[in-house]
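Subject: Structure for you to look at

Hello,

Here is the structure I said I would pass on. Please open it alongside this email.

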Amino acid sequence: MRIDIRSLRAEQSDEAVRLLASAFVTNPINMAAFGTNELARNEVFFRAGIKLMKGTKLVASDGTRIVGVIHWARSPQCQVATHDKVRMLPQMLS
């Protein structure tokens with residue numbers, strides 16, 4: 001098996017969102033926010049969030065399949081701006 005690590009491309013976003021949602025569906029914070037086993041709600045969260053993530057976004061791929069996602073940004077640039085939070089609110093509420 002060979003793992004390649006590259007920048008997240010726009011066409012990989014849906015697969016990255018599914019992977020992140022699956023990975024975090026049992027996270028206690030996500031469970032408190034979205035409910036137990038709420039994969040669809042986690043997907044909505046990460047679909048909105050991945051667009052707002054500042055800094056570096058990388059994916060680890062095994063061939064054409066994404067097997068990992070990482071994102072980081074230096075503090076305080078990692079914080080989501082208030083106007084972005086407001087813009088994201090309707091999607092999160094639905």
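Below is what I found, from the whole chain down to single residues.

**Overall**

Please note that this is a predicted model. The protein chain has 94 residues, and 27% of them count as buried. It contains 4 helices and 3 strands. Read from the N terminus, the order of elements is β-α-α-α-β-β-α. The C-alpha trace spans about 40 × 30 × 25 Å along its principal axes. The accessible surface is about 6,600 Å². Carbon and sulfur atoms account for 57% of that surface. Now take the contacts between residues at least 6 apart in sequence: 60% of them join residues at least 24 apart.

**The hairpin**

Look next at strands E2 and E3. E2 covers residues 56-62, and E3 covers residues 65-72. The two strands run antiparallel and are joined by 7 bridges. They form a hairpin with 2 residues between them. Gly63 sits in the turn and has a positive phi of about 75°.

**Ser61**

Is Ser61 buried or exposed? It is buried, because its relative accessible area is 9%, and the cut-off for buried is under 20%. Which residues does Ser61 touch, once neighbours within four places in sequence are left aside? The contacts are Arg2, Ile3, Asp4, Gln12, Ile66 and Val67.

**Helix H3**

H3 runs over residues 39-52, which makes 14 residues. How far apart should its ends be? At 1.5 Å a residue, the helix should span 20 Å. The C-alpha atoms at its ends are 20 Å apart, so the two values agree.

Several H3 residues are buried: Asn42, Glu43, Phe46, Ala48, Gly49, Ile50 and Leu52. An α-helix has 3.6 residues a turn, so residues three or four places apart point the same way.

**Other salt bridges**

The structure holds 4 salt bridges. Two others are worth a look.

- Glu11 pairs with Arg9, and the closest N and O atoms are 2.5 Å apart. Glu11 counts as exposed, because its relative accessibility is 59%. Arg9 is partly exposed, at 43%.
- Glu38 pairs with Arg41 through their side chains, at 3.9 Å from N to O. Glu38 is partly exposed, with a relative accessible area of 29%. Arg41 is partly exposed as well, at 46%.

Best wishes

Definitions and conventions: Residues numbered from 1 in each chain as written. Predicted model: local features only at pLDDT ≥ 70, side-chain atom pairs only at ≥ 80, totals over all residues. Heavy atoms only, no water. Pairing = 2+ DSSP bridges. Expected span 1.5 Å × (residues − 1). Buried < 20%, exposed > 50% of the residue type's maximum accessible area, 1.4 Å probe, protein only. Contact = heavy atoms within 4.5 Å. Areas by Shrake-Rupley, 256 points an atom, 1.4 Å probe, with all protein chains shown as cover.
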